[in-house]
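Here is a brisk report on one structure.

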Amino acid sequence: MFANLSYKTQRRIIIIAFSLIPVVLLFTFAYLPVFNMFKYSFTNWNGYSKSFDYVGFENYQTIFTNPKYFSVFKVSLYYFGATFVQMGLALYFATILSFNIRFKNFFKGVLFFPYLLNGVAIGFIFLVFFRPDGTLDTLLQVIGLGHLSQGWLLNPNIINISLAGASLWRYMGFNFIIFLGAISSIGKDIYEAADIDGANRWHQFRHIILPSIKRILQLNLILAISGAISAFDIPYIMTGGSNGSNTFVIQTVDVAFKYSKLGLASAMAVVLLIIVILVTLLQRVLIKGDD
Amino acid sequence: MKKSKLVLGLMALMLVLGMLAGCSGNGRDGEAGGGANGGGGSTDGGGAVKGEITVITQRTDIVDTVFKQYAAEFNKEYPDVKVNFQALSDYEGQITVRMSSDDYGDVLLLPTSIPLEDTPQFFEPLGDLEEMSKQYIGLEERAVDGKAYGIPIAVNFSGVLYNKKVFADAGVTTAPRTPNEFMAALQAIKEKGDAIPLYTNYADSWPLTQWEAVLTTVAGDVDYVNVTQPNTDDNFVPGQPHYELYKVMYDAVAQGLIEKDPTTTNWEASKSDLANGKIGAMVLGSWAIGQVQELADNPDDIAYMPFPTNAKEVIMPLADDYTLGISKHSKNKAAARAWVDWFINESGYPTTEGGGMSPVVGAPLPDTLKQFEGTDIKFELQTPAQPGQEGWVDKIDKDAEIGLWQPDFKKRIIEAAIGNRKESYDDIMKELNDAWVKSRAKVTK
């Protein structure tokens, strides 16, 4: 019966049949929850009751009029700053390891490894690391910088730098592997030609590698910035948002599950989503300019 | 060429149809299973109870050992009931998510975060409150419209867990009674220099909520928590229980009587440190006594005292641990009920594993309470809220985002006392009180 249909119809049926399942999955697990989130953001639902009331824009009004909800974005600046260090280091290691050096694959593994670890495990590792007389303090003493040791999570001026540092360690591997992939797609003959022309490593990086991976650089930047705005796992596991390390996502989780205000929390999630979309759009517009 | 594409297309279609068929097939299987369960749990009055039930518990540590033994014991009485266990590590968080479906076991602990008035949507009434109160204590906490929905798995009392030897070594031989005596004792331990006087468990957060449980002791009045509190605008002002209670915390931190770096505390380690005399005291419920004594070389060193208070009477408040109830969607309610009754009355859990008192009226007191026999310390349940005011405290608390039972403002107090925040103790209390007043007006109007 299927054979009697025209080739075009057959093709259409196959395309539809094949895309049906992924589309259904995508819809149920991505779009439907987002749609529901929008719906809940206009209610006073507590997360459990079978009933709730629609309250209009009251939740959004609360977020934008109470400085308590927005002030935590300051903390994101620390992660934003760390983003550039993270990308710089990732690019540095990716460039070095794309040339021929000893134990290349071993170092690649070492750098990528943290990204494979579970976030909870990393949180606990760094709790021991930052503890008084913990790993970091011991290390500083060994290299004669013992006077620098202090309460890494205790000091409110340092805590976010410590946490952003842990986060940097964790996510650098991801940037690194993407850069490495992009760099290895550059043809060997270009380097050879450059060598013949007498270009040194820096020249090669500046004039060959950097222009070739510009797109990937932009992509990583977008990912890193939206990551900084929505920083969550490391501070949540290590400090629970205490001592001035609260981020917007931790606050959203608290509002939803500690104070049973799922409506308000949904509104906060919507606000975060809009901010991330705006930042991404802004970047695309700005970057388009110099193309 | 064309033919091979056709074959490929047909195969693809069959694959897709096969998958769809597979899905629906699974669906039918599930239904059939459910139906069979429903049939098995027939409750044709008086007949032998049978069926299969799932019991969800928070005790991940003993689910495969002690609970298995319980099931074996239970089966001697009810041989036709099969009991399955599921243990959730983050009980409160995971069960509330599961409760948005119909599948959340047959017997489970009632999550404390579910608002009281929503209880009947999720749980089966266990009986008339008045009737059941003759048999059990602590039912009021989960009772709606005169029906009881949960029986406490243990009744805890709250106070300070301390190491007698550490206190004695510092020259404190009797348990401090007032906040001033308590501070002096902590100071003495600090001067002695071997132990951390008071451990906060700041990093683990949840132990900080244990402080809220001793509010009744500070107030010296069983009415305060549920009756007075929702009817006062002065909940966090000087002289009131909340202010006095957390002042003890603030002062202890400000005077350096706590651990060196609270941001890196460790709950599991703190238990053995208390047991071995590296820590003087921790504010914890009675459930912790057994756990710490187990780790101590000399269990007699581990003692329990009421929270220091200036009140005339020293009341150690009794309060429910989790309460146990039956899912409204259970297919085998008779078997589930049999398990609930057996677990509370026969298993011995409340005193052995639960570390508190049995909720059964007239049950003997556990050993941990014997030390208080003959003293002037009273053990009393808190008065339930007045009719029409049930759940008010919780509603005000949530609306104001104060978090009486959350660690947040306790952490703020500690941070402020260390000097990490610009605000003073009075600033924090004033902010909490303002939030309280505002939300109380909203909730009680």
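Buried means under 20% relative accessible area, exposed means over 50%, and partly exposed lies in between (1.4 Å probe, protein chains only). By that scale Phe126(A) is buried, at 9% relative accessibility. Phe130(A) is buried too, with a relative accessible area of 4%. Tyr115(A) has 30% relative accessibility, so it counts as partly exposed.

The model is predicted: local features need pLDDT of at least 70, side-chain atom pairs count only at pLDDT 80 or more, and totals for chains, interfaces and linings use all residues. Residues are numbered from 1 along each chain as its sequence is written, chains are lettered from A and ligands numbered from 1 in the order in which they are written, and side-chain values use heavy atoms, with hydrogens and water left out.

**Aromatic pairs**

Rings of Phe, Tyr and Trp (its six-membered ring) pair if their centres lie within 6.5 Å; planes under 30 degrees apart count as stacked, over 60 as edge-to-face and the rest as tilted. Over all chains, the structure holds 54 aromatic pairs. Two of them are tabulated here.

| Pair | Centre distance | Plane angle | Class |
|---|---|---|---|
| Phe112(A) and Tyr115(A) | 5.9 Å | 40 degrees | tilted |
| Phe126(A) and Phe130(A) | 5.8 Å | 40 degrees | tilted |

Helices (H or I, at least four residues) and strands (E, at least two) are DSSP runs, numbered from the N terminus. Phe112(A) and Tyr115(A) sit three residues apart in helix H5 (residues 104-116) of chain A, about one helical turn. Phe126(A) and Phe130(A) are four residues apart in helix H6 (residues 119-130) of chain A, also about one turn.

In chain B, ring pairs join a cluster whose members include Phe67(B), Tyr70(B), Trp339(B) and Trp342(B).

**Charges over rings**

A charge sits over a ring if NZ of Lys or CZ of Arg is within 6 Å of the ring centre and within 35 degrees of the ring normal. Arg201(A) lies over the face of Phe99(A), 3.9 Å from the ring centre. Lys411(B) lies over the face of Tyr202(B), 4.9 Å from the ring centre.

The unreviewed UniProt entry places "transmembrane region" features in chain A, among them residues 111-130 and 262-282. Such annotations may be inferred rather than shown by experiment. Residues 111-130 of chain A are 90% helix and 0% strand, with end C-alpha atoms 21 Å apart. Residues 262-282 of chain A are 100% helix and 0% strand, with end C-alpha atoms 30 Å apart.

**Sheet**

Two strands pair if DSSP finds at least two bridges between them. Chain B has an open, antiparallel sheet of three strands, ordered S4-S6-S5. Its edge strands are S4 (127-128) and S5 (143-144).
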